[in-house]
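Q: I have a structure open and would like to go through it piece by piece. Can we start with the sheet and then move on to the helices?

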Amino acid sequence: MEIKKINDIAVVKSDEIIMADVQSAMDLIMNVKYETGIVLNKEAVTEDFFILSKGIAGEILQKFINYQIKFAVCGDFSKYTSKPLKDFIYESNKGKDIFFVPDTDTAVKMLSQK
């Protein structure tokens, strides 16, 4: 796992899954607890996160909201065909706290907005 700081945003990149459940999300939050935003590459997130019926995404994202940490996942989401997931991504991207974007630069830009 590689963590790079851009302003007050932690950009985390990993080739291994580092966010698989609520506990691993909390570990990530605590590792970068002094930052106001976290960017994580999609490959570091368990595939179960993207199956909304499993409830993992909701549980994990609620932790980010509770700790007032903005969060972005960057990568290619085009392989997902689930309408509920596409709607979830669309609605998240319209907000101010959670984003699903194609690249790190876009993620940092979105998380930097007040």
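Predicted model: local features only at pLDDT ≥ 70, side-chain atom pairs only at ≥ 80, totals over all residues.

Q: How do β1 and β2 run, parallel or antiparallel?
A: They run antiparallel, and five bridges join β1 to β2, which covers residues 9–13. Within that pairing, Ile3 is opposite Val12, and Glu2 has Lys13 as its bridge partner.

Q: What do β1 and β2 form, with the turn between them?
A: A hairpin, with two residues between the strands. Asn7 sits in that turn and has a positive phi of about 55°.

Q: How many bridges join β2 to β3?
A: Four, and these two strands run parallel. Ala10 stands opposite Ile38 of β3 there.

Q: How many of the residues of β2 are buried?
A: Four of the five, so β2 is largely enclosed by the rest of the structure.

Q: Changing topic: where is Ser14 found?
A: Ser14 is in the loop between β2 and α1 (22–31).

Q: Is Ser14 buried or exposed?
A: Ser14 is buried: its relative accessible area is 6%, and the cut-off for buried is under 20%.

Q: What does Ser14 touch?
A: Leaving out residues up to four places away in sequence, Ser14 touches Met1, Asn41, Glu43 and Ala44. The side chain of Ser14 also reaches the backbone oxygen of Glu16, at 2.9 Å.

Q: Now helices. What should α3 span, at 1.5 Å a residue?
A: Helix α3 has 12 residues (83–94) and should span 16 Å. The C-alpha atoms at its ends are 17 Å apart, which agrees.

Q: Which residues of α3 are buried?
A: Leu85, Ile89 and Ser92. Seen down the axis of α3, they fall within an arc of 65°, so they line one face of the helix.

Q: What covers them?
A: The cover for the buried residues of α3 includes β5 (98–101).

Q: And which exposed residues are on the face of α3 turned away from the buried side?
A: Lys83, Pro84, Tyr90 and Lys94. Tyr90 has a relative accessible area of 52%, and the cut-off for exposed is over 50%.

Q: Which residue caps the N-terminal end of α3?
A: Ser82 does, with a side-chain oxygen 3.2 Å from the backbone nitrogen of Leu85.

Q: Next, α4. Which of its residues are buried?
A: In α4 (residues 104–112), the buried residues are Ala107, Val108 and Leu111. They cover an arc of only 95° around the axis, which puts them on the same side of α4.

Q: Which residues are exposed on the other side of α4?
A: Asp105 and Lys109.

Q: What covers the buried residues of α4?
A: The cover includes β1, β2, β3 (37–41), β4 (70–74) and β5.

Q: Last one: what lies at the start of α4?
A: There, a side-chain oxygen of Asp103 comes to within 3.3 Å of the backbone nitrogen of Asp105.

Definitions and conventions
Residues numbered from 1 in each chain as written. Heavy atoms only, no water. Expected span 1.5 Å × (residues − 1). Buried < 20%, exposed > 50% of the residue type's maximum accessible area, 1.4 Å probe, protein only. Arc of directions from axis to C-beta. Contact = heavy atoms within 4.5 Å. Polar contact = N/O pair within 3.5 Å; in protein donor to acceptor, adjacent residues only side chain to side chain. Pairing = 2+ DSSP bridges.
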